[in-house]
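Morning, everyone. Please have the sequence and the model open. I'll take helix packing, then the ligand.

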Amino acid sequence: MQSIDTYNFAGKKAIVRVDFNVPLDENFKITDDTRIRAAIPTLKKVLAGGGSLIIMSHLGRPKGPTGKYSLKHIIGAVEEKLGTTIKFAPDCMGAEAEEMSKNLKPGEVLLLENLRFYEEEEGKPRGLADDVSEEEKKAAKAVVKEKQKEFTKRLASYADCYINDAFGTAHRAHASTALIAKYFPNDKMFGYVMEGEIKAIDMVLNSPARPLTAILGGAKVSSKIAIIEKLFGVVDNMIIGGGMVYTFKKAQGGTIGTSLCEEDQLELALSILEKAKEKGVKLYFAEEIIAADDFNNDAKQIICKSSEIPDGYMGMDSSPAQIKVWEEVLMNSKSILWNGPVGVFEMPNFANGTLSIAKILAKATENGAFTLVGGGDSVAAVTQMGFADKVSYVSTGGGAMLEYLEGIELPGIKAIRE
Ligand code: AMP
């Protein structure tokens with residue numbers, strides 16, 4: 001397998017799949033440029049090695065070409081961070097993009113317009129009426145899949161080598177993230193973002209310093225089951241906080257007031273508890289919590305047990321005493337993986353638990369623990385709270401990281417490795 005560190009880029013055109021899917025406000029200003037900053041080392045490496053760049057990405061979920069999701073909005077930010085001007089192809093297909101890539105000289109950079117302006121990128125038919133039959137859907141899908149082959153081949157024709165640096169979409173088998181790799185059997189590689197993500201997660205899954213503790217939070221048990229079960233085979237301790245807790249407490253016969261609860265997951269919650277026992281994993285639930293009489297920042301608060309919540313109250317955050325218990329577990333851990341907030345952190349009055357976890361992780365990192373934070377909301381939490389550079393690794397890909405942790409082989413990774 002090729003490595004970006006040793007590949008000879010001199011005189012070569014590299015087509016690089018990055019994740020420039022950044023949030024924009026109503027004036028098309030970037031509100032969080034983390035993903036652009038993350039891609040810069042890979043892009044600079046190609047240029048420093050004497051190559052030229054063809055950058056491709058998606059932005060948002062457009063249904064077709066639209067100014068709203070044009071990558072032209074981010075040109076300035078990329079130029080500034082890369083320290084060079086870039087050319088822009090207003091359509092990732094067609095004669096103009098072909099011509100522009102053909103004429104690209106070493107050191108030059110071409111950004112292609114949003115790949116998802118074409119349904120071929122994802123390979124899914126768009127604009128089907130609601131009442132089409134299964135047969136018609138199948139036929140439409142077959143047509144798009146056929147067109148996708150041509151789309152992928154054309155993208156590949158622009159360049160001499162392919163770099164995948166978009167971890168955020170590595171769990172999708174799209175044209176630019178996976179299918180294109182086959183056109184570069186000896187000239188495909190991961191970029192630094194992908195390498196870093198894979199290394200960090202593999203370290204936790206395969207060779208963690210122990211004890212290894214996972215903190216799992218967030219709203220729903222149902223969306224975390226696969227990862228909980230997978231992690232049982234790996235972790236020594238598991239801290240469970242957030243809205244998930246109450247389904248477990250109810251399943252065990254507790255009273256949970258109006259807390260979030262997935263009634264259809266009660267049996268499963270019990271079986272998870274059994275499995276933890278079998279695997280010898282120590283579970284640390286949020287036993288003491290802050291409950292409120294409304295799902296509202298200014299609601300009345302009480303501190304109570306998560307299994308003894310009074311009528312009309314709902315669990316909203318972990319209590320300070322609970323955080324102390326968790327802190328001891330965490331400060332004794334050599335590796336920590338965190339996914340999901342342990343309270344409704346979007347409301348300032350219920351953000352203390354999540355903020356405390358971020359602080360503890362920063363302290364544990366300082367003490368030499370390896371700390372990995374991943375999954376949309378926990379990343380938002382550490383970033384918002386200013387702790388992103390105080391932990392060992394912050395994963396940029398929410399869904400992709402979860403699937404990787406669940407043990408699923410990601411198409412974007414497989415396509416480079418095979
Ligand atoms: P997830 O996407 O599953 O990681 O869930 C994240 C969401 O869980 C955030 O929006 C949190 O506000 C929410 N959350 C965390 N704790 C609670 C809770 N006790 N009750 C309701 N929602 C919660």
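Axes here are lines fitted to C-alpha atoms, over the stretch in contact for helices, and angles between N-to-C directions run from 0 to 180 degrees. One caution: this is a predicted model.

Start with H7, residues 225-232, and H9, residues 266-279. Their axes sit 10 Å apart, at an angle of about 15 degrees. Angles under 35 degrees count as roughly parallel, so H7 and H9 are roughly parallel to each other. The crossing of H7 past H9 is left-handed. Which residues make the contact? From H7 we have Ile225, Ile228, Glu229 and Phe232. From H9 come Leu268, Ile272, Lys275, Ala276 and Lys279. By class, that contact has 6 nonpolar and 3 charged residues, with no polar ones.

Next pair. H6 covers residues 192-206, and H13 covers residues 398-405. This time the angle is about 35 degrees, and the axes are 11 Å apart. H6 passes H13 in a right-handed crossing. On the H6 side, Ile198, Ile201, Asp202 and Leu205 take part. They meet Met401, Tyr404 and Leu405 of H13. The class count is 6 nonpolar, no polar and 1 charged.

Now the ligand. How many residues surround it? There are 14, and the closest are Ala219, Lys224, Gly315, Glu346 and Asp377. Three of these have distances to quote. Glu346 places a polar side-chain atom 2.5 Å from a ligand oxygen. For Lys224, a polar side-chain atom lies 3.1 Å from an oxygen atom of the ligand. Ala219 uses its backbone: an N or O atom there is 3.0 Å from a ligand oxygen.

That's my part.

Note on methods: Residues numbered from 1 in each chain as written. Predicted model: local features only at pLDDT ≥ 70, side-chain atom pairs only at ≥ 80, totals over all residues. Heavy atoms only, no water. Helix = DSSP H or I, 4+ residues; strand = E, 2+ residues; numbered from the N terminus. Parallel < 35°, antiparallel > 145°, perpendicular 65-115°, else oblique. Left-handed = near helix turned anticlockwise from the far one by under 90°. Contact = heavy atoms within 4.5 Å. Nonpolar A, V, L, I, M, F, W, Y, C, P; charged D, E, K, R; others polar. Near = heavy atom within 4 Å. Polar contact = N/O pair within 3.5 Å; in protein donor to acceptor, adjacent residues only side chain to side chain.
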